[in-house]
Amino acid sequence: MTNYVIEPPKQVTLPVRGGDAEFPVRRIYCIGRNYADHAIEMGHDPDKEPPFFFQKNAENVDTSGEFPYPPQTSDVHFEMEMIVALKSGGVDILEKDALDHVFGYGLGLDMTRRDLQGEAKKMGRPWEIGKAFERSAPMSELVPASETGHLDHGRVALEVNGELRQEGDLNQMIWKVPEMISYLSRFYDIAAGDLIMSGTPAGVGPIKRGDVMVGTVDGLGSFTITVV
Ligand code: MN
């Protein structure tokens, strides 16, 4: 047994529907502007840009059902997304082979300190301070692809306090799941345990303490996150 000089950090995991086995999280890749209508609402032309990714930390994952309003911000936005969980990886994966690496799918919120992200963008600085903060990635349990099949269409939506705020369809993704996996694998050694947050449809907006967010992806069901 290894003799650590400090207590080793705990492995972050996601529950998996239909059993007590958990999915260990390694990295979280998040795609930016993957729905045309969201790219447009953020002031960009969706036709002219190659895909880009940023990362959150595995430790940012939260499955408690609560999102504590974070410090140093007054403009925290929700971004409802489908999560893709990988059971294997590699480099230079071909699009036609990409779905063989998918374990399953889940629901996630890419919570964003929009004011800090906006400053970072303006100054040409990295986005982590706006994106990769404590508990910034509320997630649901994962559903194995063996149960759902591979999801390439279906409604994605978010309600806040019972009011519909975001709505789109997985088939509106500019970069599809196999393309994202293939693209990432050209730049990184992607691996079992990696998650991809697949982008958000239009309608992102701010939350405040007490708000109740209910996210849905057809085929996966819903999850509820309360802002505290
Ligand atoms: Mn996002």
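The largest cavity of this predicted model holds about 120 Å³ of space, where a cavity is a set of points, on a 1 Å grid over the protein atoms alone, at which a 1.4 Å probe fits but cannot get out, and where lining residues have an atom within 4 Å of a point. Grid points are joined across faces, edges and corners, and the volume is the space filled by probe spheres set on the points. Among the 18 residues that line the largest cavity, Gly 32, Arg 33, His 38, Glu 79 and Lys 131 are the closest to its centre. Helix H3, residues 114-122, gives the most to this lining, with three residues.

The model is predicted, so that local features need pLDDT of at least 70 and side-chain atom pairs count only at pLDDT 80 or more, whereas totals for chains, interfaces and linings use all residues. Residues are numbered from 1 along each chain as its sequence is written, and side-chain values use heavy atoms, with hydrogens and water left out.

**Cavities**

Two cavities of 30 Å³ or more are counted by this rule. The table sets out their volumes and the classes of their lining residues; Ala, Val, Leu, Ile, Met, Phe, Trp, Tyr, Cys and Pro count as nonpolar, Asp, Glu, Lys and Arg as charged, and the others, Gly among them, as polar.

| Cavity | Volume | Lining by class |
|---|---|---|
| Largest cavity | about 120 Å³ | five nonpolar, six polar and seven charged residues |
| Second largest cavity | about 80 Å³ | seven nonpolar, one polar and two charged residues |

The second largest cavity is lined by Gly 32, Arg 33, Ala 39, Pro 46, Glu 49, Pro 50, Pro 51, Phe 52, Ile 174 and Trp 175.

Glu 79 is buried at a relative accessible area of 5%, and Glu 81 counts as buried at 1%; buried means under 20% relative accessible area, exposed over 50%, and partly exposed in between, with a 1.4 Å probe and protein chains only.

**Sheets and overall form**

The chain has six helices and 18 strands, which are DSSP runs numbered from the N terminus (helices H or I, at least four residues; strands E, at least two). Three strands form an open antiparallel sheet in the order E10-E7-E16, with E10 (112-113) and E16 (205-206) as the edge strands, each pairing on one side only; two strands pair if DSSP finds at least two bridges between them. Strand E7, residues 76-78, is joined to E16 by two antiparallel bridges, and His 77 has Pro 206 as its bridge partner in E16.

A five-stranded open sheet has the order E6-E18-E17-E13-E14 with mixed pairing, and its edge strands are E6 (66-67) and E14 (163-169). Strand E13, residues 155-160, pairs with E14 in the antiparallel sense over six bridges, Ala 157 being partnered by Glu 167 in E14.

Buried residues make up 50% of the 228 residues in the chain. The C-alpha atoms fill a box of roughly 45 × 45 × 40 Å along the principal axes.

Definitions and conventions
1 Å grid on protein atoms, 1.4 Å probe; cavity = no way out; pocket = protein on both sides within 12 Å on 5 of 7 lines; lining within 4 Å.
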